[in-house]
Amino acid sequence: MFACTSTDDAATIALPPPNGGLDYQLGGAYEPTGDTTVLARDRTDTPKPGLYNICYVNGFQTQPGEGAMWLAEHSDLLLHNSDGTPVIDPEWPDEYILDTSSAEQREQLLAIVGEWIDGCAASGFQAVEIDNLDTYSRFPASLSADDAVEFARALAERAHTAGLAIGQKNAVDLVVRRGETDFDFAVVEQCNVYDECDQFTAGYDDQVYIIEYEREAFERGCTEYAGLSIVLRDVGLSVRGSPSHVYDSC
């Protein structure tokens, strides 16, 4: 049903079907439409049998609602300001930044994030997408692209060992380093808004899965990239039945 690729860690890894009907349900799981073939859900939710399921993992920042756990148990793995306080993402004030700046830090983080990846496989997902790969670009004084690439490669090896494909999330600047990260496909937000879709297709061909939050960008993308999976969602990714719920796909 799904295309496969060979890796050093696993004989075959199933890839998501190109141009498959896409739904992006990170705000909560609900019954997908009948034409959905590719479904993304949070790692705390369950996959949908019969579909290609992508497991969302926040691999470079803390998951919303889990900050207290990190502060209590893994504070040393968080990035800190010069005054010793943990760094918080200004765009996402409930997310702390994971410190990937050294091999030792990355190894300890891999033990934690790797367990989440293994959990995605055990739950029945076929792939993972690793969010906030581009965190380094927001904290250039402390983190680097090389840090991100090194950790991404370790996560890819963990995913492939578990039998999962792994998707690059955003971070257009790192598409050209796909050979180093060993990602299999791309999950991209608003590439039609930022005119980045061509750069992702240059690196991943038709293995690009696009989420748009503006109707005009969605419709333009459906016209210009008819061979790609594109979904229109509300920014909050609310469940069906919510007044703010928006969903369309092409």
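This is a predicted model: local features need pLDDT of at least 70, side-chain atom pairs count only at pLDDT 80 or more; totals for chains, interfaces and linings use all residues.

Me: How many helices and strands does the protein chain have?

Reply: Its secondary structure comes to six helices and 13 strands.

Me: What does the radius of gyration say about the protein chain?

Reply: The value is set against that of a compact globule. For 250 residues such a globule would have a radius near 18 Å, and the protein chain, with 17 Å, agrees with this. Along its principal axes, the C-alpha trace spans about 50 × 45 × 30 Å.

Me: How many positive and negative side chains are there, and how far apart do the centres of the two sets lie?

Reply: The protein chain has 14 positive and 44 negative side chains, with the two centres 5 Å apart.

Me: Which residues of helix α5 are buried?

Reply: In α5, which covers residues 197–204, the buried residues are C197, F200 and Y204. They lie on the same side of α5 because they cover an arc of only 65 degrees around the axis. The face turned away from that buried side carries D198 and A202, which are exposed.

Me: Against what do the buried residues of α5 pack?

Reply: They pack against the strands β9 (165–169), β10 (185–189) and β11 (208–212), and against helix α4 (178–181).

Definitions and conventions:
Residues are numbered from 1 along each chain as its sequence is written. Side-chain values use heavy atoms; hydrogens and water are left out. Helices (H or I, at least four residues) and strands (E, at least two) are DSSP runs, numbered from the N terminus. The radius of gyration is taken over C-alpha atoms; the globule rule is 2.2 Å times the number of residues to the power 0.38. Lys and Arg count as positive and Asp and Glu as negative; His and the chain ends are not counted. The place of a charge is taken as NZ of Lys, CZ of Arg, CG of Asp or CD of Glu. Buried means under 20% relative accessible area, exposed over 50%, partly exposed in between (1.4 Å probe, protein chains only). The arc is that of the directions from the helix axis to the C-beta atoms. Contact means heavy atoms within 4.5 Å.
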